[in-house]
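Keep the structure open in your viewer as you read.

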Amino acid sequence: MFHLRREEPEDRWEVEALYDLCFAPGREALSSYRFRDGVPPVRDLCQVARDGDDILAGAVRFWPVHVGADGAEALLLGPIAVHPTRQGEGLGALLMETGLDLAREAGWPRLLLIGDAPYYGRFGFATLAGVEMPPPTNPARVLGLGDWAGIAGPVTAWRH
Ligand SMILES: CC(C)(COP(=O)(O)OP(=O)(O)OC[C@H]1O[C@@H](n2cnc3c(N)ncnc32)[C@H](O)[C@@H]1OP(=O)(O)O)[C@@H](O)C(=O)NCCC(=O)NCCS
(Lines give C-alpha, C1' and ligand atoms only; values in the text may rest on other atoms or scores of the structure.)
Protein backbone atom coordinates (compact mmCIF):
# COMPACT_ATOMS: atom_id res chain seq x y z
CA MET A 1 0.00 0.00 0.00
CA PHE A 2 2.85 2.41 0.78
CA HIS A 3 6.13 2.64 -1.09
CA LEU A 4 9.25 4.15 0.42
CA ARG A 5 12.01 5.88 -1.48
CA ARG A 6 14.72 8.45 -0.88
CA GLU A 7 13.53 12.03 -0.33
CA GLU A 8 14.41 14.09 -3.40
CA PRO A 9 14.55 17.91 -3.64
CA GLU A 10 11.10 18.02 -5.26
CA ASP A 11 9.60 16.32 -2.15
CA ARG A 12 10.87 19.03 0.15
CA TRP A 13 7.86 21.33 0.53
CA GLU A 14 5.38 18.48 0.88
CA VAL A 15 7.53 17.04 3.66
CA GLU A 16 7.75 20.45 5.36
CA ALA A 17 3.93 20.76 5.15
CA LEU A 18 3.53 17.29 6.68
CA TYR A 19 5.85 18.22 9.56
CA ASP A 20 3.95 21.50 10.07
CA LEU A 21 0.73 19.51 10.31
CA CYS A 22 2.09 16.86 12.68
CA PHE A 23 4.12 18.99 15.10
CA ALA A 24 3.26 21.94 17.28
CA PRO A 25 3.62 25.40 15.73
CA GLY A 26 7.13 26.74 16.12
CA ARG A 27 8.73 23.31 15.71
CA GLU A 28 11.80 24.96 14.19
CA ALA A 29 12.43 26.77 17.47
CA LEU A 30 13.18 23.42 19.13
CA SER A 31 16.78 23.03 20.20
CA SER A 32 17.25 19.99 17.95
CA TYR A 33 16.80 22.26 14.92
CA ARG A 34 19.98 24.14 15.86
CA PHE A 35 21.88 21.04 14.76
CA ARG A 36 20.13 21.16 11.38
CA ASP A 37 20.70 24.85 10.58
CA GLY A 38 23.14 25.09 7.69
CA VAL A 39 23.95 21.38 7.79
CA PRO A 40 22.71 19.16 4.96
CA PRO A 41 20.79 16.04 5.97
CA VAL A 42 22.22 12.61 5.21
CA ARG A 43 20.31 12.43 1.96
CA ASP A 44 20.65 8.73 1.25
CA LEU A 45 18.88 7.90 4.51
CA CYS A 46 15.97 10.37 4.33
CA GLN A 47 12.81 8.57 3.21
CA VAL A 48 9.35 9.50 2.01
CA ALA A 49 6.38 7.12 2.04
CA ARG A 50 3.67 7.58 -0.59
CA ASP A 51 0.46 5.68 -1.18
CA GLY A 52 -0.73 4.12 -4.43
CA ASP A 53 -1.98 7.55 -5.57
CA ASP A 54 1.44 9.05 -4.81
CA ILE A 55 0.04 11.04 -1.84
CA LEU A 56 2.66 11.68 0.85
CA ALA A 57 1.83 9.68 3.98
CA GLY A 58 5.02 9.86 6.04
CA ALA A 59 8.63 10.98 6.11
CA VAL A 60 11.80 10.65 8.12
CA ARG A 61 15.03 12.66 7.94
CA PHE A 62 18.49 12.21 9.45
CA TRP A 63 21.27 14.65 10.31
CA PRO A 64 24.87 14.04 11.37
CA VAL A 65 26.00 15.42 14.76
CA HIS A 66 28.98 15.19 17.09
CA VAL A 67 28.82 14.16 20.75
CA GLY A 68 31.23 14.82 23.58
CA ALA A 69 34.67 16.35 23.82
CA ASP A 70 36.16 13.93 21.28
CA GLY A 71 33.44 14.70 18.74
CA ALA A 72 32.11 11.16 18.32
CA GLU A 73 29.98 10.91 15.21
CA ALA A 74 26.29 10.11 15.58
CA LEU A 75 23.14 10.27 13.50
CA LEU A 76 20.24 12.39 14.73
CA LEU A 77 17.00 10.65 13.68
CA GLY A 78 14.11 12.96 12.97
CA PRO A 79 11.85 14.56 12.36
CA ILE A 80 9.68 11.52 11.69
CA ALA A 81 5.97 11.95 11.04
CA VAL A 82 3.02 10.06 9.64
CA HIS A 83 -0.06 11.92 8.38
CA PRO A 84 -2.81 11.83 11.04
CA THR A 85 -5.14 9.91 8.71
CA ARG A 86 -2.48 7.22 8.25
CA GLN A 87 -1.29 6.78 11.82
CA GLY A 88 -1.56 3.44 13.60
CA GLU A 89 -1.16 1.35 10.44
CA GLY A 90 2.50 0.51 10.99
CA LEU A 91 3.92 3.15 8.67
CA GLY A 92 5.91 4.81 11.47
CA ALA A 93 7.51 1.43 12.21
CA LEU A 94 8.25 0.87 8.51
CA LEU A 95 9.94 4.28 8.24
CA MET A 96 11.92 3.61 11.43
CA GLU A 97 13.06 0.12 10.40
CA THR A 98 13.95 1.15 6.87
CA GLY A 99 15.90 4.17 8.10
CA LEU A 100 17.71 2.13 10.74
CA ASP A 101 18.65 -0.57 8.21
CA LEU A 102 20.01 2.05 5.80
CA ALA A 103 21.94 3.74 8.61
CA ARG A 104 23.53 0.44 9.63
CA GLU A 105 24.38 -0.41 6.01
CA ALA A 106 25.99 3.01 5.65
CA GLY A 107 28.19 2.23 8.67
CA TRP A 108 26.83 4.70 11.24
CA PRO A 109 27.80 3.28 14.63
CA ARG A 110 25.21 5.08 16.75
CA LEU A 111 21.93 6.99 16.53
CA LEU A 112 20.31 9.60 18.71
CA LEU A 113 16.79 11.01 18.83
CA ILE A 114 14.60 13.16 21.02
CA GLY A 115 11.31 11.43 21.64
CA ASP A 116 9.01 9.26 23.68
CA ALA A 117 10.77 6.18 25.10
CA PRO A 118 7.52 4.14 25.07
CA TYR A 119 7.37 4.43 21.27
CA TYR A 120 11.06 4.29 20.35
CA GLY A 121 11.90 1.56 22.86
CA ARG A 122 10.31 -0.96 20.49
CA PHE A 123 13.10 -0.20 17.99
CA GLY A 124 15.82 -0.65 20.62
CA PHE A 125 16.26 2.99 21.67
CA ALA A 126 16.93 3.67 25.36
CA THR A 127 17.60 6.78 27.44
CA LEU A 128 21.17 7.98 27.02
CA ALA A 129 22.69 8.94 30.36
CA GLY A 130 25.24 11.71 30.03
CA VAL A 131 24.46 12.84 26.47
CA GLU A 132 23.32 16.44 26.72
CA MET A 133 20.94 18.26 24.42
CA PRO A 134 20.55 21.99 24.93
CA PRO A 135 17.85 23.03 27.42
CA PRO A 136 14.91 22.84 27.70
CA THR A 137 15.15 19.25 26.37
CA ASN A 138 13.96 16.72 28.96
CA PRO A 139 16.97 14.37 29.49
CA ALA A 140 14.58 11.39 29.68
CA ARG A 141 13.69 12.04 26.02
CA VAL A 142 17.31 11.83 24.80
CA LEU A 143 17.39 8.29 23.41
CA GLY A 144 20.15 6.30 21.73
CA LEU A 145 20.77 3.10 19.78
CA GLY A 146 24.07 1.45 18.87
CA ASP A 147 27.53 1.74 20.39
CA TRP A 148 27.37 4.51 22.98
CA ALA A 149 29.91 2.97 25.40
CA GLY A 150 32.13 5.66 26.86
CA ILE A 151 30.46 8.51 24.94
CA ALA A 152 29.03 11.40 26.94
CA GLY A 153 28.83 15.16 26.84
CA PRO A 154 27.08 17.79 24.77
CA VAL A 155 25.67 17.23 21.31
CA THR A 156 27.23 19.69 18.87
CA ALA A 157 26.60 20.64 15.25
CA TRP A 158 28.34 18.70 12.50
CA ARG A 159 31.62 20.28 11.44
CA HIS A 160 32.11 20.16 7.69
C1 LIG B 1 4.99 8.90 16.11
C2 LIG B 1 4.46 8.53 14.72
C3 LIG B 1 5.53 8.82 13.67
C4 LIG B 1 4.11 7.03 14.71
O5 LIG B 1 3.64 6.69 13.42
P6 LIG B 1 2.53 5.54 13.22
O7 LIG B 1 2.49 5.20 11.78
O8 LIG B 1 1.26 5.96 13.87
O9 LIG B 1 3.19 4.36 14.08
P10 LIG B 1 2.91 2.81 14.02
O11 LIG B 1 1.62 2.54 13.27
O12 LIG B 1 4.13 2.13 13.57
O13 LIG B 1 2.73 2.46 15.56
C14 LIG B 1 1.57 2.84 16.22
C15 LIG B 1 1.73 2.50 17.69
O16 LIG B 1 2.64 3.45 18.29
C17 LIG B 1 2.00 4.06 19.39
N18 LIG B 1 2.49 5.43 19.52
C19 LIG B 1 2.46 6.41 18.59
N20 LIG B 1 3.02 7.53 19.10
C21 LIG B 1 3.41 7.24 20.36
C22 LIG B 1 4.04 7.97 21.38
N23 LIG B 1 4.39 9.25 21.20
N24 LIG B 1 4.28 7.35 22.55
C25 LIG B 1 3.95 6.06 22.76
N26 LIG B 1 3.35 5.30 21.80
C27 LIG B 1 3.08 5.90 20.63
C28 LIG B 1 0.53 3.98 19.06
O29 LIG B 1 -0.25 4.07 20.23
C30 LIG B 1 0.43 2.59 18.45
O31 LIG B 1 0.47 1.62 19.46
P32 LIG B 1 0.04 0.09 19.23
O33 LIG B 1 1.02 -0.50 18.26
O34 LIG B 1 0.16 -0.52 20.59
O35 LIG B 1 -1.36 0.16 18.71
C36 LIG B 1 3.14 9.29 14.39
O37 LIG B 1 2.21 9.04 15.41
C38 LIG B 1 3.31 10.79 14.25
O39 LIG B 1 3.64 11.28 13.17
N40 LIG B 1 3.07 11.55 15.33
C41 LIG B 1 3.13 13.00 15.28
C42 LIG B 1 4.54 13.47 15.10
C43 LIG B 1 5.45 12.94 16.18
O44 LIG B 1 5.10 12.96 17.36
N45 LIG B 1 6.62 12.47 15.75
C46 LIG B 1 7.60 11.90 16.64
C47 LIG B 1 8.37 12.97 17.34
S48 LIG B 1 9.26 12.32 18.71
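**The ligand and its pocket**

The ligand sits in the largest pocket. Here a pocket is an open set of points on a 1 Å grid over the protein atoms alone, with protein on both sides within 12 Å along at least five of seven lines. A molecule counts as sitting in a pocket if more than half of its atoms lie within 2 Å of the pocket's grid points. Before we go on, note that this is a predicted model, in which local features need pLDDT of at least 70 and side-chain atom pairs count only at pLDDT 80 or more, while totals for chains, interfaces and linings use all residues. Residues are numbered from 1 along each chain as its sequence is written, and side-chain values use heavy atoms, with hydrogens and water left out.

Which residues are the closest to the ligand? Among the 19 residues that surround the ligand, they are Val82, Gly88, Gly90, Gly92 and Asp116; a residue belongs to this shell if one of its heavy atoms lies within 4 Å of the molecule. By class, the shell holds 11 nonpolar, five polar and three charged residues. In this scheme Ala, Val, Leu, Ile, Met, Phe, Trp, Tyr, Cys and Pro are nonpolar, Asp, Glu, Lys and Arg are charged, and the others, Gly among them, are polar.

The protein covers 63% of the 910 Å² of accessible area that the ligand has on its own, as computed by the Shrake-Rupley method with a 1.4 Å probe.

The largest pocket itself holds about 810 Å³ of space, a volume being the space filled by probe spheres set on the grid points, which are joined across faces, edges and corners. Of its 31 lining residues, Phe23, Ile80, Ile114, Gly115 and Tyr120 are the closest to the centre; a lining residue has an atom within 4 Å of a point. Strand β4 gives the most to this lining, with six residues. Strands are DSSP runs of E with at least two residues and helices are runs of H or I with at least four, numbered from the N terminus. The lining divides into 16 nonpolar, 10 polar and five charged residues.

**A second pocket**

The second largest pocket has a volume of about 490 Å³. Arg12, Glu16, Pro41, Arg61 and Trp63 are the closest to its centre, out of 22 lining residues. Helix α1 (12-22) gives the most to this lining, with five residues. By class, the lining has 10 nonpolar, no polar and 12 charged residues.

**Backbone details**

Most residues other than glycine have a negative phi, and most peptide bonds are trans. The peptide bond from Gly78 to Pro79 is cis, with omega near 0 degrees, and Pro79 is found in strand β4. Another cis peptide bond joins Pro135 and Pro136, with omega about 10 degrees. Pro136 lies in the loop between β7 (131-132) and β8 (142-146). Finally, Asp54 has a positive phi, near 70 degrees, in the loop between β2 (47-50) and β3.

Terms used:
On a 1 Å grid over the protein atoms alone, a cavity is a set of points where a 1.4 Å probe fits but cannot get out, and a pocket is an open set with protein on both sides within 12 Å along at least five of seven lines; lining residues have an atom within 4 Å of a point.
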